[in-house]
Amino acid sequence: MKLTTHHRTARDAAESWREELLGLSHQLHADPELSYEEHRSAAALAGLAERAGFTVERGVAGLPTAFTGVRGSGDLVIGVCAEYDALPGIGHACGHNVNGTAALGAALALGAVADDLGITVKLLGTPAEEDGGGKVDMIEHGLFDEVAVAMMVHANDADTVGNGSLAISSWNLTYTGRAAHASAAPWDGRNALDALTVAQTALGLLRQQLPPESVVHGIVTDGGQAANVIPARTAARYEARSPTLERLRALQERVRACFEAGALATGTELRVEPHGHDFADLRQDATVAELYAGAAEALGRTVGRAPQRTGSTDMGNVSHLLPTIHPMIGYDTGGARQHTEEFAAAGTSAGADRAVLDGAVAMAWTGVALAADAGHRERLLAEVGRRAADRERVARDGGGPRP
């Protein structure tokens, strides 16, 4: 990869913010906040962007912890997505302190060359990736409408590009029965815990017939209050995942039938409510992903190609709308995988700090490559135009979902 003046300027800009970026990564790690509650994290990220010359708008999309930061005025809008929510009980066990600060670093680096390259850099502070889907809220409020390409990096134990994700939906379910003394008059009760047990048994049997890569999992959030009382209420949260949104819809029908079986067998009432947004499967843009891989390798990283699907992310919804990349940025986690205490413990290591800066520079260099090449630029702008035309058509025809 041949470095140009723009590459060097972007890299130097990221390096000039090294202490602030790494300090912020450690700050987020030490003060984890849950989905839609990331007030201090969002404020810290937005504040640093503002100090770097970005025009920041807080509380966008009706979300107190979402923000945007913009620098430049070119027709090619490059979006960088920052994540910063943590997990209950185990903090930043998905490495979002790395994700968020690397995204901020990439925006700062691209901002330094925005005017020369004729681009607009749009930093999108996206809350609630772990639980809810802030990116979907921001899509619905039009905050991605003018974005030509979206990118982020995700903390991992190895560097990869091209990985996908599973589509996912989540429900809260509640069974309501009738309480009774568990010994003196159990026949007077309608056992809500039995209903949940029947549903879990049905789900366990269903798993044998699930197609490859389809997964169902959940937790009991309320199993009753006393062992000597027939439970009148139980509750659970379940998630279903499948390789595509289309296959997810079919899976949802089978899973809901299992929930309904519990109510039917026990004479209880069932309420099923969606929890957060459905996440689409991730579809990474192959061309942009290879540009990122070349940039990361120029920084001395070893990047694998990973066609398999892993986990789920609301970046999938972005990828159904516009060209998107979501590469993994790796560091030594001692063999630990995401969503574990051991993975969280590695989040402020020297390797994690390097991932913040390398991820920032690699994304910035990807943006430089896209902006400087007429072919890439033309393709991305043509796609923005097509989406704008689709929105106009929908508005003219009287509504319907946003394209």
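Q: If a helix axis is a line fitted to the C-alpha atoms over the stretch in contact, and the angle runs from 0 to 180 degrees between N-to-C directions, at what angle do H1 and helix H4 pack?

A: This is a predicted model, and in it H1 and H4 (residues 96–111) pack at an angle of about 130°, their axes lying 7 Å apart. An angle over 145 degrees would count as roughly antiparallel and one of 65 to 115 as roughly perpendicular, and the value found here makes H1 oblique to H4. The crossing of these two helices is right-handed.

Q: Which residues of H1 and H4 meet?

A: On the H1 side they are Ala10, Ala13 and Ala14, and on the H4 side Gly105, Leu108 and Ala109. Sorted by class, this contact of H1 with H4 has 5 nonpolar residues, 1 polar residue and no charged ones.

Q: How do the axes of helix H1 and helix H12 cross?

A: The axes of H1 (residues 5–16) and H12 (residues 350–372) cross at roughly 150° and come within 9 Å. The two helices are therefore roughly antiparallel to each other, and H1 passes H12 in a right-handed crossing. From H1, the residues His6, His7, Ala10, Arg11 and Ala14 take part, meeting Leu357, Val361, Ala364, Trp365 and Val368 from H12. The contact of H1 with H12 comprises, by class, 7 nonpolar, 2 polar and 1 charged residues.

Q: At what angle do the axes of H4 and H12 cross?

A: The axes of H4 and H12 cross at roughly 40° and come within 8 Å. The crossing of H4 and H12 is right-handed. Among the residues making the contact are Val98, Thr101, Ala102 and Gly105 of H4, together with Ala352, Gly359, Met363 and Val368 of H12. By class, the residues in the contact of H4 with H12 divide into 13 nonpolar, 4 polar and no charged.

Q: What is the phi of Ala61, and where is Ala61 found?

A: Most residues other than glycine have a negative phi. Ala61, by contrast, has a phi near 60°, a positive value in a residue that is not glycine. Ala61 is found in the loop between strand E1 (55–58) and strand E2 (67–72). With a relative accessible area of 12%, Ala61 is buried, since the cut-off for that word is under 20%.

Q: What is the phi of Glu213, and in which loop does Glu213 have its place?

A: Glu213 also is not a glycine, and its phi is positive at about 75°. Its place is in the loop between helix H7 (192–206) and strand E10 (215–222). Glu213 has a relative accessible area of 38% and is therefore partly exposed.

Q: How many disulfides does the structure hold?

A: A disulfide is a covalent bond between the sulfur atoms of two cysteines. To be counted as one, a pair of cysteine sulfur atoms has to lie within 2.5 Å. The structure holds 0 disulfides. Cys94, for instance, is in no disulfide, and the nearest cysteine sulfur, that of Cys81, is 15 Å away.

Q: Does Cys94 count as buried or exposed, and which of these does Cys258 count as?

A: Relative accessibility is the value to read, and at 8% Cys94 counts as buried. Cys258, at 9% relative accessibility, counts as buried also.

Notes: Residues numbered from 1 in each chain as written. Predicted model: local features only at pLDDT ≥ 70, side-chain atom pairs only at ≥ 80, totals over all residues. Heavy atoms only, no water. Buried < 20%, exposed > 50% of the residue type's maximum accessible area, 1.4 Å probe, protein only. Helix = DSSP H or I, 4+ residues; strand = E, 2+ residues; numbered from the N terminus. Parallel < 35°, antiparallel > 145°, perpendicular 65-115°, else oblique. Left-handed = near helix turned anticlockwise from the far one by under 90°. Contact = heavy atoms within 4.5 Å. Nonpolar A, V, L, I, M, F, W, Y, C, P; charged D, E, K, R; others polar.
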